[in-house]
Amino acid sequence: MARTALVTGGTRGIGAAISQALKADGHTVAATYSGNDEAAEAFKSQTGISVYKWDVGDFDACQDGIAKVTADHGAIGILVNNAGITRDAPLHKMTPEQWQEVMATNLTSAFNMSRGVIDSMREQGFGRIINISSINGQKGQFGQANYAATKAGVIGFTKSLALEGARKGITANVVSPGYINTDMMKTLSEEIMASIIAQIPAGRLGEADEVARCVSFLAADTAGFINGATLSVNGAQYLD
Ligand code: CAA
């Protein structure tokens, strides 16, 4: 059945691929972004997907944004918490700001957004919450104590939601990408990139579409018995 889907950070990178995959599945998609107006406008004109600007780390902004999307497109049946940032530094150099920014955007956002849709999903007797984690939340990563903590946190958060939603037709699952060919990777030096690719048995980065198809699968009405799972998409770089 066609649903209204909301994808945070849905205008660029993995999020853009997810938005487009859900649209291709027949859902009405709304994509949020936080800063890059130019990329968001280009995405909107290329795909016809509506875009909304707010800070997912801000609880009130999330509630207002969800109300607007609901007024425009109807009750949200699928929520994809994808928005994420990095502020890499080893702990001895990490600032409280680098810690807090990553917490707000990657983890508090999942609470802010899920809290905003949960009452409506309970009323609908249907919901799909899909949270994007990372291989580095599963294995840890030098220079990413902040990022890895949020991405591991997302997994515990999701498992708890799975237990709470199961009786109401609401599933919560994690998709955990490895290193994917997006702008986030462009912050890394050539030397670091080469060392990362050397650690991936597949011998290459993943593509955003390869993550999006997992979200599409978990968002389907027919995926109702998959709940609390973590689906890794990492070219065999980390197996758990
Ligand atoms: N393991 C062990 N030691 C390491 C290391 C590693 N992976 N990387 C660096 N070091 C060591 C260095 O050899 C150096 O040692 P010495 O002081 O003895 O020479 C020391 O740590 C300091 O290294 P740097 O000079 O590189 O430190 P820096 O402060 O300039 O940079 C860093 C640190 C920013 C974390 C940088 O190493 C870095 O960018 N690392 C990659 C982090 C990474 O993989 N991020 C993933 C981004 S993509 C993403 O997050 C998406 C996703 O979900 C997968």
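Why does the radius of gyration of this protein chain agree with that of a compact globule? With 240 residues, such a globule would have a radius near 18 Å, and the protein chain has 17 Å, so the two agree. Keep in mind as you look around that this is a predicted model.

Let's begin with the chain as a whole. Its C-alpha trace spans about 50 × 40 × 35 Å along the principal axes. If you follow the chain through the picture, you will pass 8 helices and 7 strands. How do the parts of the chain meet? Among contacts with a separation of 6 or more, 70% are accounted for by residues 24 or more positions apart. Of the 240 residues, 49% count as buried. Here, a residue is called buried when its relative accessible area is under 20%.

Now let's visit the ligand. It is surrounded by 17 residues, and the closest are D88, K93, S134, Q144 and Y147. Sorted by class, this shell has 8 nonpolar, 7 polar and 2 charged residues.

In the side chain of K93, an N or O atom is 2.7 Å from an oxygen atom of the ligand. For S134, a polar side-chain atom lies 2.7 Å from a ligand oxygen. The side chain of Q144 has an N or O atom 2.9 Å from an oxygen atom of the ligand. On its own, the ligand has 1,100 Å² of accessible area, and the protein covers 53% of it.

Key: Residues are numbered from 1 along each chain as its sequence is written. This is a predicted model: local features need pLDDT of at least 70, side-chain atom pairs count only at pLDDT 80 or more; totals for chains, interfaces and linings use all residues. Side-chain values use heavy atoms; hydrogens and water are left out. A residue is near a molecule or strand if one of its heavy atoms lies within 4 Å of it. A polar contact is a pair of N or O atoms within 3.5 Å; within protein, one must be able to donate a hydrogen and the other to accept it, and residues adjacent in sequence count only if both atoms are side-chain atoms. Accessible areas come from the Shrake-Rupley method with a 1.4 Å probe; for residues, only the protein chains shown count as cover. Ala, Val, Leu, Ile, Met, Phe, Trp, Tyr, Cys and Pro count as nonpolar, Asp, Glu, Lys and Arg as charged, and the others, Gly among them, as polar. Helices (H or I, at least four residues) and strands (E, at least two) are DSSP runs, numbered from the N terminus. The radius of gyration is taken over C-alpha atoms; the globule rule is 2.2 Å times the number of residues to the power 0.38. Buried means under 20% relative accessible area, exposed over 50%, partly exposed in between (1.4 Å probe, protein chains only). Contact means heavy atoms within 4.5 Å.
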